[in-house]
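Student: Let's go through the ligand site of this model. Please keep the answers brisk.

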Amino acid sequence: MFEKLSQGLRKTIDKITRFALIDRKEVDSVIRDIQRSLLAADVDVKIVFSLSKRIREKAFEKLPPGMSRREYLIKLIYDELVNILGKEPAKVELKPSKILLIGLFGSGKTTTAAKLARFYQKKGLRPAVICCDTFRPAAYEQLEQLSKKINVPFFGIKEEKDGSIVAKKGLAAMSKYDIIIIDSAGRDALDDELVAEIKKINNVANPDEKILVIPADIGQSARQQAKAFEEILDIDSIIVTKLDSTARAGGALTASYETKAKIKFITVGEKPDDLEFYNPKRFVSRMLGMGDIKSLLEKAEEVTDKKSAKKIASGKFGLDDFISQISSVQKMGSFKQILDKMGLSSVKIPTKTLAVHEDKMKKWRYIRDSMTQEERADPTVLDYSRIKRIAKGSGCTESDVRELIRSYKQSKKMIRKMNPKRMEKLAKRGGFGSLLRGLGMG
Ligand SMILES: Nc1nc2c(ncn2[C@@H]2O[C@H](COP(=O)(O)OP(=O)(O)OP(=O)(O)O)[C@@H](O)[C@H]2O)c(=O)[nH]1
Ligand SMILES: [Mg+2]
C-alpha cells in the first residue's frame with residue numbers, strides 16, 4: 001500500500017550505505033531522490049522543500065559521539081520524515097469517553113465508527129454506536145448492520161430529522177457503555193449547513209473528542225481540509241481512511257503538518273479490523289524497512305563505530321572493523337575517539353591524510369565481500385589458494401588482496417604497540433604521518 005514510497009526511500013537509504021564518502025554532492029543527490037519519492041506520493045511541494053532545506057542545513061553539523069556521517073545522514077532523514085508525517089503519536093486513552101466523528105461525504109465515517117468500536121472492544125472496553133446522520137438515506141441501516149456484525153449496541157431514530165435530538169436520546173440510552181461513538185452526516189464541502197449541524201450535535205453531546213475523518217485518496221488537499229475543520233470546528237484528532245487504495249498516501253499523512261490535531265488512526269481496508277493506531281516513528285521505520293531506528297543504524301553500518309572503535313583500540317579487530325574504520329574521511333569522528341581515549345585529543349591530523357583513495361576503498365570492499373566470515377574475522381588464515389579465490393571472486397588482482405591484508409596486519413601491529421605516551425611523543429616528532437603511512441593511509 002505504501003509500496004512505491006517505501007521502495008523509493010529504501011533505495012535512497014541503500015545508496016547512502018554504498019557511498020564511499022559523503023559530501024555535498026552525495027547529500028544533494030540523496031535529497032533529490034527523497035524529493036522525487038515524496039512528490040510522487042503527493043506530498044505538498046512546500047513541505048518537501050522545507051524538509052530538503054533542513055536536511056541540507058543539518059547534514060554537516062557536528063557529529064554526535066560515536067556516530068559516523070553516514071549514520072548521521074540516515075538518522076537525519078528518518079527524523080525529518082517523522083517530522084513531516086506527524087512527529088509524536090497521538091494518545092489513546094482507554095477510559096470512558098464520547099467520540100464524535102465528522103467529515104465530508106464518503107470519507108469513511110460510518111465504517112470507521114464500526115472499526116473504532118471494534119478497536120475499543122478488543123481493548124476490553126464496552127463500546128456503543130449512535131447514528132446521528134439524519135441526512136443520507138440508509139445511513140441508519142448501514143451503521144445498524146455494521147454494528148451487528150461486530151456485536152456492538154446501536155442506537156438510531158429512523159424518522160428523526162434533527163441529529164442533535166438523536167444524540168441526546170442516544171447518549172441517555174447508551175449511558176452504561178464505556179465508549180460512545182457518534183456518526184454524523186457528511187456534505188460535499190465544509191459548508192454552513194454542515195458546520196451548523198455539527199455544532200448543534202456537539203453542543204448536545206459534549207464529546208470528549210471530535211475526530212475528523214479524511215480519505216487518503218484526496219491526496220495533498222487533505223491538509224487544507226484538516227486546517228479548515230480545525231479552524232471552524234476545533235477538531236481534536238484525525239483518522240485517515242482508505243490508505244490501502246491509493247498511491248498518494250503521503251498527501252494525507254502529512255495532513256497534520258500544521259494542525260494541532262494529530263492523525264490518531266489509519267484505516268487500511270473495508271473490514272472492521274482494518275484500523276491501526278498511527279505512530280509516525282514506527283510508520284517511518286516500517287516504510288524504510290527497519291524494525292526501529294536502532295536496527296536501521298546497525299544495518300547502515302554493519303558494525304557500529306563504537307564497537308569497532310573499541311575493538312581497534314584494544315588491537316583485537318577483524319577486517320570488517322578495519323574497513324569500517326577507515327572507509328571514509330567521515331569516519332574521522334570515531335578515529336578521533338580512539339585518540340581521545342589515548343589522551344591525544346590535542347593531536348590535529350590533517351583530514352586529507354586519513355583519506356584512502358576512493359578507488360582503493362571500493363576494491364577493498366569487493367575483496368571483503370568475497371571473503372567468508374571466518375576469513376574476515378581473522379585474515380591470517382588466508383593462504384595462496386584462498387587469495388587466488390578471493391581475487392577471482394572480487395574481480396581484483398591477487399596483489400590487491402595482498403595489499404589489503406598487509407595494511408590490515410600493519411595497522412594491527414602498530415595499534416597493539418600503541419602506548420599513549422609513546423604515541424604523543426611520536427606525534428610531536430611528526431611521527432604520526434609515518435604511522436598513518438604504515439596504516440596505508442598516508
Ligand atoms: N478500501 C477501503 N475502503 C474504505 C475504507 N474506509 C472506508 N471505505 C469505503 O468507503 C466508502 C464510504 O465509506 P463510509 O463509511 O460510508 O463513508 P461516510 O463518510 O460515512 O459517507 P457518508 O455517510 O455518505 O458521508 C464505503 O464503501 C467504505 O467501504 C478503507 O480503509 N479502505
Ligand atoms: Mg456515513
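Tutor: One definition to start: helices are DSSP runs of H or I with at least four residues, numbered from the N terminus. Keep in mind that the model is predicted.

Student: Which helix gives the most to the shell around ligand 1?
Tutor: The shell counts residues with a heavy atom within 4 Å of the ligand. In all, 19 residues surround ligand 1. One helix, spanning residues 109–122, gives four residues, the most. That is α5.

Student: Which residues are the closest to ligand 1?
Tutor: The shell divides into three nonpolar, nine polar and seven charged residues. From the shell, the closest are K109, T110, T111, T267 and E270.

Student: How far is the polar side-chain atom of T110 from an oxygen atom of ligand 1?
Tutor: A polar contact needs a pair of N or O atoms within 3.5 Å. T111 has a side-chain N or O atom 2.6 Å from a ligand oxygen. G269 uses a polar backbone atom, 3.1 Å from an oxygen of ligand 1. For the side chain of T110, the distance is 2.7 Å.

Student: What percentage of the area of ligand 1 does the protein bury?
Tutor: Start with ligand 1 taken alone, which exposes 650 Å². Of that area, the protein buries 82%.

Student: What is the volume of the second largest pocket?
Tutor: Ligand 1 takes up the space of this pocket. The space in the second largest pocket comes to about 310 Å³.

Student: Which residues that line the second largest pocket are the closest to its centre?
Tutor: The lining has 22 residues. By class, they are two nonpolar, 13 polar and seven charged. Helix α5 supplies the largest share, five residues. Closest to the centre are G106, S107, G108, K109 and T111.

How values were computed. Residues are numbered from 1 along each chain as its sequence is written. Chains are lettered from A and ligands numbered from 1 in the order in which they are written. This is a predicted model: local features need pLDDT of at least 70, side-chain atom pairs count only at pLDDT 80 or more; totals for chains, interfaces and linings use all residues. Side-chain values use heavy atoms; hydrogens and water are left out. A polar contact is a pair of N or O atoms within 3.5 Å; within protein, one must be able to donate a hydrogen and the other to accept it, and residues adjacent in sequence count only if both atoms are side-chain atoms. Accessible areas come from the Shrake-Rupley method with a 1.4 Å probe; for residues, only the protein chains shown count as cover. On a 1 Å grid over the protein atoms alone, a cavity is a set of points where a 1.4 Å probe fits but cannot get out, and a pocket is an open set with protein on both sides within 12 Å along at least five of seven lines; lining residues have an atom within 4 Å of a point. A molecule sits in a cavity or pocket if more than half of its atoms lie within 2 Å of its grid points. Helices (H or I, at least four residues) and strands (E, at least two) are DSSP runs, numbered from the N terminus. Ala, Val, Leu, Ile, Met, Phe, Trp, Tyr, Cys and Pro count as nonpolar, Asp, Glu, Lys and Arg as charged, and the others, Gly among them, as polar. Grid points are joined across faces, edges and corners, and a volume is the space filled by probe spheres set on the points.
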